[in-house]
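Thanks for sending this one over. Here are some notes to read with the structure open beside you.

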Amino acid sequence: MAARTVDAETTDDFAALADTVLTRRTSALLDGPQAARRAGAALPLKGDVHVTGRLAGKEDTSADVLRDRKVRLAALEEAYTAAETEVDVEEVKVTGDRATAQVTETTMLTYKKIHGDEPPTTGFQAKHELTFVAAPDGTWEMTGITPLDDGGPAAVNSAVDTAGSSGPTSADPAQEPIDEGGEPEIDGPAPEESAAGATQPRVDADAKADARAGYSYSAMAKYAEKYWKNYNSSYRKFNNVGGDCTNFISQALRAGGWKNDSGWYKSYKNWWYNSSNQTTSWVNVNYWASFALYSDRAYNLDNVYKLGVGDILQMDFTGNRSKDHSMITTYRSGGVPYLTYHSSNTYRKSVRSLVAQYPNATYYAFRT
């Protein structure tokens with residue numbers, strides 16, 4: 001029997017089916033007519049490319065998880081009224097009668113105007129692997145869809161119920177640059193950061209003071225929002241060596257005025273980037289925090305809702321005091337900070353939705 005292949009038309013069908021599945025998930029989070037119309041749509045069980053009955057059942061369960069998340073968000077006075085999803089197929093592999101397709105989902109959601117000052121939209125990119133089996137009649141059945149992103153918070157439409165667990169962990173130690181020789185200096189104990197509360201205060205926090213030391217917080221935010229999904233080619237990526245989240249916030253801070261602090265690249269007391277290397281503090285969550293506190297470029301806030309534009313939020317998913325993820329605040333309204341970050345690529349995610357997804361995480365807020 002001739003080896004099976006997947007032509008361009010079938011690849012497009014794979015993408016279309018993934019779009020249908022992911023759009024249906026997101027619709028379970030929405031308020032309004034779009035939610036009812038899309039969430040109620042049945043997944044195709046027949047056709048050239050369709051889902052299996054078993055996968056359709058799993059997606060019904062996923063919709064229940066997302067409706068529960070919608071309720072938790074509503075209790076925090078957050079909702080979405082519309083969403084648009086695009087799916088790009090990155091790679092397709094065929095082995096015998098089985099195929100896998102790696103796809104990137106880009107979804108933009110419209111915030112519901114509950115208080116009237118919410119930002120227009122939030123967005124994210126998520127990577128998935130689709131698995132297919134060829135039927136004897138030549139059609140393809142989708143048997144599974146698995147998330148591929150690792151290290152950062154799950155997308156808001158993730159089918160995984162993160163409310164009952166701490167969440168993902170990062171491979172951040174792998175971000176340490178290759179040792180090019182020499183001995184690191186003796187740093188002594190690093191500064192200790194303090195955790196921040198995650199309950200929204202009854203009274204809005206005071207506005208962030210004007211930039212100190214000549215920093216431009218608006219430039220930090222503009223940089224992050226420009227490159228949240230289209231990476232700046234002037235910098236190296238660290239997605240496959242622990243995650244790009246801290247590299248990304250370092251770029252944004254530099255765009256807003258943070259200057260290189262030269263010295264041994266493994267020392268938390270230094271922070272720099274050049275064409276051939278960078279300090280561990282540039283790319284590693286914990287080293288960045290130690291540098292920021294040691295250098296007096298940042299100090300801890302006692303509540304995540306006090307974050308202002310240009311401030312940094314870090315998360316410890318497991319509660320082991322080794323932080324896993326970094327984000328920068330790029331928008332604030334109605335007493336709510338909105339975060340932009342890499343790993344996975346996300347634009348203006350509210351602190352409310354983050355806390356709703358990860359109530360058991362430990363948060364560390366840094367005023368820059």
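**Notes on the predicted model**

1. Let me begin with asparagine 284, which sits in the loop between α6 (280-283) and α7 (285-294). Please keep in mind that this is a predicted model. Is asparagine 284 buried or exposed? Its relative accessibility is 6%, so asparagine 284 counts as buried, the cut-off being under 20%.

2. Now to the charged pairs. How many salt bridges does the structure hold? There are 10 salt bridges. One of them joins the side chains of glutamate 59 and arginine 25, at 2.9 Å from N to O. Because glutamate 59 belongs to helix α3 (residues 53-75) and arginine 25 to helix α1, this pair ties together parts that are 34 residues apart in sequence.

3. The next pair is lysine 208 with aspartate 311, whose side chains meet in a salt bridge of 2.5 Å, N to O. Distant parts of the chain are linked here, 103 residues apart: lysine 208 is in the loop between β5 (140-147) and α4 (217-226), while aspartate 311 is in the loop between β6 (299-301) and β7 (312-316). Aspartate 311 has a relative accessible area of 0%, so it is buried.

4. Which residue does lysine 306 form a salt bridge with? The partner is aspartate 302, and the closest N and O atoms are 2.8 Å apart. Lysine 306 has a relative accessibility of 32% and therefore counts as partly exposed. Elsewhere, salt bridges link Asp31, Lys70 and Lys112 into a network.

5. Turning to the surface, you will find a patch of negative charge where Asp7, Glu9, Asp12, Asp48 and Asp137 gather. Glutamate 9, one of these residues, is part of helix α1 (residues 8-27). With a relative accessible area of 56%, glutamate 9 is exposed. Why does glutamate 9 count as exposed rather than partly exposed? Exposed means over 50% relative accessible area, so the 56% of glutamate 9 puts it in that class.

6. Some backbone geometry deserves a careful look. Where is the cis peptide bond? The bond from serine 343 to serine 344 is cis, with omega near -10°. Serine 344 lies in the loop between β9 (336-341) and β10 (346-350). The backbone oxygen of serine 344 is 3.1 Å from a polar atom of the threonine 346 side chain. Threonine 346, in turn, is in strand β10, and it is buried, with a relative accessible area of 4%.

7. Strand β10 also contains arginine 348. This residue is not a glycine, yet it has a positive phi of about 50°. Is arginine 348 buried or exposed? Its relative accessible area is 11%, so arginine 348 is buried.

8. Arginine 321 is another non-glycine residue with a positive phi, here about 70°. You can find arginine 321 in the loop between β7 and β8 (325-333). Its relative accessible area is 46%, and arginine 321 is therefore partly exposed.

9. Finally, please look at two alanines. Alanine 155 is in the loop between β5 and α4, and at 12% relative accessibility it counts as buried. The C-alpha atoms of alanine 155 and lysine 127 are separated by 10.0 Å, and these residues are 28 residues apart along the chain. Alanine 224 is in helix α4, where it is buried with a relative accessible area of 0%. How many residues apart along the chain are alanine 224 and leucine 253? They are 29 residues apart, and their C-alpha atoms are separated by 9.2 Å.

Conventions. Residues numbered from 1 in each chain as written. Predicted model: local features only at pLDDT ≥ 70, side-chain atom pairs only at ≥ 80, totals over all residues. Heavy atoms only, no water. Patch = residues over 30% accessible without salt bridge, like charges linked within 9 Å, V, L, I, M, F, W, Y side chains within 5 Å. Areas by Shrake-Rupley, 256 points an atom, 1.4 Å probe, with all protein chains shown as cover. Salt bridge = Lys/Arg side-chain N within 4 Å of Asp/Glu carboxyl O. Lys, Arg positive; Asp, Glu negative; His and termini not counted. Charge placed at Lys NZ, Arg CZ, Asp CG, Glu CD. Helix = DSSP H or I, 4+ residues; strand = E, 2+ residues; numbered from the N terminus. Buried < 20%, exposed > 50% of the residue type's maximum accessible area, 1.4 Å probe, protein only. Polar contact = N/O pair within 3.5 Å; in protein donor to acceptor, adjacent residues only side chain to side chain.
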